[in-house]
Amino acid sequence: MSLALKSPCKINLLLNILRKQEDGYHELETVMQPVPIFDELEFQRGGTGIQLRCSDPALPTDSRNLVVRAAELFFASSGTREGVRIQLEKRVPLAAGLGGGSANAATTLRGLNQLLDHPLAPEQIGTIATRLGSDVPFFLQDQPALGLHRGELVQPLEAFAALHGKGLLLIHPGFGVSTPWAYRNLARFPSALNGTPGRARQLIEKLRTNDLRTAAGGFYNSLEAPVLDKHPILRMFQEFLLANGALVALMSGSGSTTFAITETQASAELLGKQFAAKYPNCWIAHVELK
Ligand code: C5P
């Protein structure tokens, strides 16, 4: 018996860091939007232990891979010792700020629970997800959401009226950014490290209206301070996108992906073509937002 599941990604419409906590993590408020661009995971019972195969040779297939770590914690928590083969077809870029690895981990927890007849309750799955990473719990559900604390406290929200039918353009520059590096380097930018709480709620209110132009000023990412300082090309990407009709241009998560929001998917596709003519060799994708 086998089970195939799609593993989506996300963008952060807002990522407002509030302070560095004593445990080294950062308290933040974030507004996350699911993006329908997918990796694929296939789960099969059989063999011994956890065997992962991955389409991308750059990814390790041992415990360094979040899929394997998710499966290990799943089996430790359920007390079962089944053999499982997992195939990961990677399409979402790595170290991109799109949560691809976190989504793979969440999809593995959901997939194994389904494949093995639900040995774990949803609360147990949630606890494992939180241990795996701050972004993993978001991917246990499929709505836009407010993320609090270190991002793992997820409050699902209704789809945003202001984004309905808009075009989303994603641009990955071909290099990644290390998330711990981005957080560590926030120390050099005190105002980005100590953001004012409440920006998430303000943006959510604006996104509930039908007016993206008014909401556009509320999109914000504290981690742009260190990342755009190190990679000024990403600032040039945003300037080009805004000069050529994007309503919003921002970095997602800890980067390196830049996203732009446009009036329609057709305009996102056209903007992507203009962008590629100026900046070749980037990974570019466009979708319609729901
Ligand atoms: O939670 P996750 O494992 O995805 O976090 C990766 C790294 O990002 C952490 O080790 C930490 O350096 C940083 N981080 C943080 N504050 C957060 C989330 C992540 O400092 N709220």
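Guide: Ala-95 is a residue to start from, and it lies in the loop between strand E4 (84–89) and helix H2 (100–115). Please keep in mind that this is a predicted model.

Visitor: OK, and what is the phi of Ala-95?
Guide: The phi of Ala-95 is positive, about 45°, although the residue is not a glycine. As a general point, most residues other than glycine have a negative phi.

Visitor: Is Ala-95 buried, partly exposed or exposed?
Guide: Ala-95 counts as partly exposed, because its relative accessibility is 46% and that class lies between the limits of 20% and 50%.

Visitor: Which loop holds His-149?
Guide: His-149 is found in the loop between strand E5 (145–148) and strand E6 (153–156), and it has a positive phi of about 65° although it is not a glycine. With a relative accessibility of 34%, His-149 counts as partly exposed.

Visitor: What about the peptide bond from Gly-255 to Ser-256?
Guide: That bond, from Gly-255 to Ser-256, is cis, with omega near 10°, and Ser-256 lies in the loop between strand E9 (248–251) and strand E10 (258–262). In general, most peptide bonds are trans.

Visitor: Changing topic, which residues surround the ligand?
Guide: The ligand is surrounded by Gly-24, Tyr-25, His-26, Leu-28, Gly-133, Ser-134, Arg-150, Thr-179, Pro-180 and Tyr-183. Sorted by class, this shell has 4 nonpolar, 5 polar and 1 charged residues.

Visitor: And which pocket does the ligand take up?
Guide: The space taken by the ligand is the largest pocket. Strand E2 (26–45) and helix H4 (179–184) are the elements that give two or more residues to the shell around the ligand, and the largest share, 3 residues, comes from H4.

Visitor: How far is the side chain of Ser-134 from an oxygen atom of the ligand?
Guide: An N or O atom in the side chain of Ser-134 is 2.5 Å from an oxygen atom of the ligand, while a polar side-chain atom of His-26 lies 2.7 Å from an oxygen atom of the ligand.

Visitor: How much of the ligand's accessible area does the protein cover?
Guide: On its own, the ligand has 450 Å² of accessible area, and the protein covers 74% of that.

How values were computed:
Residues numbered from 1 in each chain as written. Predicted model: local features only at pLDDT ≥ 70, side-chain atom pairs only at ≥ 80, totals over all residues. Heavy atoms only, no water. Near = heavy atom within 4 Å. Polar contact = N/O pair within 3.5 Å; in protein donor to acceptor, adjacent residues only side chain to side chain. Areas by Shrake-Rupley, 256 points an atom, 1.4 Å probe, with all protein chains shown as cover. 1 Å grid on protein atoms, 1.4 Å probe; cavity = no way out; pocket = protein on both sides within 12 Å on 5 of 7 lines; lining within 4 Å. Sits in = over half its atoms within 2 Å of the grid points. Helix = DSSP H or I, 4+ residues; strand = E, 2+ residues; numbered from the N terminus. Nonpolar A, V, L, I, M, F, W, Y, C, P; charged D, E, K, R; others polar. Buried < 20%, exposed > 50% of the residue type's maximum accessible area, 1.4 Å probe, protein only.
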